[in-house]
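Today I am opening my notebook to look through a new structure.

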Amino acid sequence: MKLISIILSLATLGASAHAQNQIEQLKQHMEQVCEASLVVRLGPDQFHDERVMFSNVARKINETGVLRGREIGFGLIQKNEINAWTVNMTSTHSIICVPIAMVQFVHYEGELAAIMTHETGHILNNDQGSSPKAEFRADAVGLDILIKAGYSPFDAAAAMGRFEMYSGDIHTDSKARTQFKSDHPITPDRIEQLRILLSTYTAQELHTRGND
Ligand SMILES: [Zn+2]
């Protein structure tokens, strides 16, 4: 069973003890990898809206078909950290860890989708570490998945703008800026790349895959 379908059917697989056991093992595995408890451990009324938003994005990414043979476990975790990251377990099996604080921070499904499709981009690119080049490449693949999943490409700009305002990627001191840039490509450059990529899509591609 694919990881994504296990996560999405957690609520409906109550009957079989074997299935329960499988799910429990998977949960523990994801918790080890993400180094935090999964939000599904909490009662169903806790973080309800965040969970709905998170599973909507996971389902839509899965439905694009871009994952092909890959299995991705989407882990919504109990962590107060505005971040998201990907761990590649094997060449076909990866886990995306998304703290609940991140979902609350972005607040909108499209922006969460921009973050999760970017992380999916890292997986499809077989990235092991982070570098400016890897970030730009993940942005490019992420934008494509974002559009295929039916979100607005501008959701990516909205998410980046939010981060820009929150963490202040723009350094006025040129030395600090150069230092920072060697670790993280700065947001305006990432948005510039997305703008150029966006011009390669036809209006039809952007519209027919628009809102559902
Ligand atoms: Zn990244």
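This is a predicted model: local features need pLDDT of at least 70, side-chain atom pairs count only at pLDDT 80 or more; totals for chains, interfaces and linings use all residues.

**Notebook: a look at helix 5**

I began with helix 5, where 15 of the 16 residues are buried, so this helix is largely enclosed by the rest of the structure. For my count, a residue is buried if 20 or more other C-beta atoms lie within 10 Å of its own, exposed if 12 or fewer, and partly exposed in between, with C-beta atoms placed from the backbone. Helices (H or I, at least four residues) and strands (E, at least two) are DSSP runs, numbered from the N terminus.

Residues are numbered from 1 along each chain as its sequence is written.

Next I checked the length of helix 5: residues 109-124 reach 22 Å from first C-alpha to last. That is close to the 22 Å expected at 1.5 Å a residue, the expected span being 1.5 Å times one less than the number of residues.

Then I looked at what comes after helix 5 and found N126. N126 lies in the loop between helix 5 and helix 6 (132-148). Its phi is positive, about 55°, although N126 is not a glycine. N126 counts as exposed because it has 10 C-beta neighbours inside 10 Å.

I also looked up E35, in the loop between helix 2 (17-34) and helix 3 (48-63). Phi of E35 is positive too, near 55°.

Last, I zoomed out: the protein chain has 10 helices and 3 strands, and buried residues make up 30% of its 212 residues.
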